[in-house]
Number of protein chains: 2
Amino acid sequence: MTPIIDELAAAPLFEGLDPDQIAPLAAIAQRRSIAAGAELFAEGDPAEGFYVVCSGKVKVYHLSPEGKEQILHVFGPGEPVGEAPMFAGERFPAHAAPMTDARLLYLPRQAFLDVLAAHPSVALGMLAVMARRLRRFAAHIENLALKEAPARLASYLIYEADLQDRDDTVALDMTKGQLAAFLGSTPETLSRVLGRLIREGMVTPTGYRSYRITDRDALEDLAAGLTRLP
Amino acid sequence: MTPIIDELAAAPLFEGLDPDQIAPLAAIAQRRSIAAGAELFAEGDPAEGFYVVCSGKVKVYHLSPEGKEQILHVFGPGEPVGEAPMFAGERFPAHAAPMTDARLLYLPRQAFLDVLAAHPSVALGMLAVMARRLRRFAAHIENLALKEAPARLASYLIYEADLQDRDDTVALDMTKGQLAAFLGSTPETLSRVLGRLIREGMVTPTGYRSYRITDRDALEDLAAGLTRLP
DNA sequence: CGTGCGCTTGACTTTTTTCAATAAAGGTGG
DNA sequence: CCACCTTTATTGAAAAAAGTCAAGCGCACG
């Protein structure tokens, strides 16, 4: 099995660190495997540490009173989960669970803070990661403030396509119902809007929950609110 | 005039730091006064430093093609502005300008990074601030994803009332049109919805752009989607 | 004291949600 | 490997919410 130190070194969070800076991190990191269906943490749990995803995907979500999931974020390999509430010294404000079986590393709060204090460059890396995450959140906020559902979907597809750059192909890593909630809409509306995008030739389904963007210009105009769907 | 070192010490960002940790920050901080109508930075400017608000309020906003402002965030005294893109090493993704005349401190990037590297506890404080900001963004995202405009407005009012705790009185620090854009809506809809809240006795106007929450329970039910407005 | 911007209000249109019924898809266990 | 069953996705029609256009009012500010 991959040594912990190599898993840490592979995470963008700790990229650019010398081996002797990663070593103390590896010393405090605990390996955890969590099966799909289990939970990393629940809303309200004290944030006494955070996770780094090694493999699989992890969703962070709220549960509505009726038990429906509202996904706030999906994290992939190399990304930290739950570090923000840990730094703020609060409880976790949401639930986290793997969407597939996942391997993770767990970094306990106090030990991690000690390492940060001893190795400022680790802290700088952490700051950079959180800065990028703020940027993603800001983009999502802008997206949600867009008035019409087609523009929100178009904007989401473009954003994801750029993020997971596999030749303009976007993999939806949640159900359409969850994506609808993510985009501030309903499954029915999402289905209809997506159907229209396909009919207009802007995107083409390429498999299970997978679409390819076939007319990026048109999609971008739509996202910017310059165009309207017929 | 207040010494720079005291202004820094007053910022939550640097709270809990020893005087000898603040001193190097004070050494690199530059005082800047910017009048309402002027700009701190524009979208696309290289992020070569960030600001800390000493007095006044600063808005961070996008400009739509038609020139309309979409406010993303309003910062008050003690809060840092623009530090995230600075850490990410990017350009500013939005504009920033004071809403009133404002006094600020400017911290240049490289000098600040040097201080961080030498004083890890400053970095920890920075991490805590950014963690709190992520939490605010996440709350805003949840709010925007709420389906109906009344629930979004109710949620916003409660959130702001808790933030600026002046006896359940909320001061809107932007025009209603800007608030509407912030809430992903239009001035007309906001006007109507606010009118309904007032008619239902949930809030009462208490002055220019100022409202008092008079039935918090009802507002909370509305925000949670448990109730619907008649 | 005027004037312009911002706010409100009304009538109308468009978009979105809701409800309900059907179809498809995936996972499960035999 | 197949049949079943639960979850997810689509579609239609009607209702509700929100957006648009346009006009008038009022307030804050110069």
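Two residues are in contact if their C-beta atoms, placed from the backbone, lie within 7 Å. The model treated in these exercises is predicted.

**Exercise 1. Domains of chain A**

Determine how chain A is divided, and which element supplies the largest share of the side of domain 1 that touches domain 2.

Solution. 
1. Chain A splits into domain 1, covering 4–140, and domain 2, covering 146–223.
2. Between the C-alpha centres of these two domains of chain A the distance is 28 Å.
3. On the domain 1 side of chain A, seven residues are in contact with six residues of domain 2 of chain A.
4. Strand β4 (residues 69–75) of chain A gives the largest share of that domain 1 side, with four residues.
5. By class, the domain 1 side that touches domain 2 in chain A consists of four nonpolar residues, one polar residue and two charged residues.

**Exercise 2. The setting of A:Lys57**

Locate A:Lys57 and decide how it is classed: buried, partly exposed or exposed.

Solution. 
1. A:Lys57 sits in the loop that joins β2 (49–55) to β3 (58–63) in chain A.
2. A residue is buried if 20 or more other C-beta atoms lie within 10 Å of its own, and exposed if 12 or fewer do.
3. A:Lys57 has 17 C-beta neighbours inside 10 Å and therefore counts as partly exposed.
4. Leaving aside residues up to four places away in sequence, A:Lys57 touches A:Val74, A:Phe75, A:Gly76, A:Pro98, A:Met99, A:Thr100 and A:Asp173.
5. A:Asp101 is 44 residues from A:Lys57 along the chain, yet their C-alpha atoms are separated by 8.1 Å.

**Exercise 3. The surroundings of DNA strand C**

Describe the protein surface near DNA strand C by residue, element and class.

Solution. 
1. DNA strand C is surrounded by 18 residues, the closest being A:Glu148, A:Ala149, A:Thr189, B:Thr175 and B:Ser191.
2. At least two residues of this surface come from each of α6 (149–163) and α8 (187–199) of chain A, and α7 (176–182) and α8 (187–199) of chain B.
3. The largest share belongs to α8(B), with five residues.
4. Sorted by class, the surface near DNA strand C holds four nonpolar, seven polar and seven charged residues.

Terms used:
Residues numbered from 1 in each chain as written. Chains lettered and ligands numbered in written order. Predicted model: local features only at pLDDT ≥ 70, side-chain atom pairs only at ≥ 80, totals over all residues. Near = placed C-beta within 6 Å. Nonpolar A, V, L, I, M, F, W, Y, C, P; charged D, E, K, R; others polar. Domains from an automatic or database assignment.
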